[in-house]
Amino acid sequence: KDFLKRHQLIRKKSCILLGLSGGPDSVALAHIMKDISQEMGLSFRALHLNHMLRGQESRRDQKFVQDFCRETKIALETRKRDIRTLARKGKKNLEDTARNERYRFFQASAEKNSGHVVLTAHTRDDQLETILMHLFRGTGLQGAGGIKEVSSYKGLCVARPFLGQKKKILLDYLKEQKL
């Protein structure tokens with residue numbers, strides 16, 4: 001709640017969107033946002049993009065997300081994109097193609113659902129990994145800064161409320177909640 005208030009992300013008649021991969025970080029964020037959205041009277045919707053990169057495992061992730069959202073009564077929108085084929089056609093790497101498709105999906109859902117912000121569950125562990133990856137690639141000072149708490153994609157605010165938290169805290173939360 002403090003993060004949402006500090007960054008002025010709460011707006012009347014607007015939907016908060018959340019990227020839900022099915023991993024522990026995003027499941028924790030979805031569970032927390034479900035409680036916060038009810039408490040504060042906010043509209044909230046989860047978004048899951050099946051990248052189709054890992055065959056049966058990708059289908060299992062999507063089914064897990066669908067079951068989780070049905071059980072917790074979280075509104076869910078899903079989309080499938082063949083990232084490998086799109087990357088090949090666009091002559092881009094998988095990571096960039098996947099990220100671009102995710103953000104296109106977020107943007108389309110925001111337009112359809114009167115959304116102004118999408119939350120992702122990046123943690124401090126992700127931040128460290130990103131900085132190290134950028135340094136190995138030979139980035140300048142800007143890239144060495146890593147992931148930003150709040151950024152923008154074509155007018156859509158992308159916010160990362162867990163960026164200052166270690167993944168272990170989220171894993172402990174999931175255990176405590178029996179999730």
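Modeller: Lys1 is partly exposed, at 38% relative accessibility. Buried means under 20% relative accessible area, exposed over 50%, and partly exposed in between, with a 1.4 Å probe and protein chains only. This is a predicted model: local features need pLDDT of at least 70, side-chain atom pairs count only at pLDDT 80 or more, and totals for chains, interfaces and linings use all residues. Residues are numbered from 1 along each chain as its sequence is written, and side-chain values use heavy atoms, leaving out hydrogens and water.

Colleague: With which residue does Lys1 form a salt bridge?

Modeller: A salt bridge is a side-chain nitrogen of Lys or Arg within 4 Å of a carboxyl oxygen of Asp or Glu. For Lys1, the closest N and O atoms of the pair are 2.3 Å apart. The pair links distant parts of the chain, 38 residues apart: Lys1 is in the segment before helix H1 (2-6), its partner in helix H2 (residues 24-40). The partner is Glu39.

Colleague: Is Glu39 buried or exposed?

Modeller: Its relative accessibility is 55%. The cut-off for exposed is over 50%. Therefore Glu39 counts as exposed.

Colleague: How many helices and strands does the protein have?

Modeller: Helices (H or I, at least four residues) and strands (E, at least two) are DSSP runs, numbered from the N terminus. From that end, the elements run α-β-α-β-α-β-α-α-β-α-α-β-β-α. The count is eight helices and six strands.

Colleague: Why is strand S4 described as largely enclosed by the rest of the structure?

Modeller: Strand S4 covers residues 115-119. Four bridges join S1 (residues 15-19) to S4, in parallel, and three join S4 to S6, also in parallel. Two strands pair if DSSP finds at least two bridges between them. S4 is largely enclosed because its buried residues number five of five.

Colleague: Which side chain makes a polar contact with the side chain of Arg160?

Modeller: Arg160 is in the loop between strand S6 (156-159) and helix H8 (167-176). It is buried, with a relative accessible area of 5%. A polar contact is a pair of N or O atoms within 3.5 Å; within protein, one must be able to donate a hydrogen and the other to accept it, and residues adjacent in sequence count only if both atoms are side-chain atoms. At 3.1 Å, the partner is the side chain of Ser151.

Colleague: What is the distance of the polar contact between the side chains of Arg45 and Asn113?

Modeller: Arg45 sits in strand S2 (residues 43-50) and is partly exposed, at 21% relative accessible area. Contact means heavy atoms within 4.5 Å. Beyond its neighbours within four places in sequence, Arg45 is in contact with residues including Cys15, Glu77 and Asn113. The polar contact between the side chains of Arg45 and Asn113 is 3.3 Å.

Colleague: Which residue meets Arg99 in a salt bridge?

Modeller: The N to O distance is 2.4 Å. The two partners are three residues apart in helix H5 (residues 94-113), which means about one helical turn between Arg99 and Asp96. The residue that meets Arg99 is Asp96.
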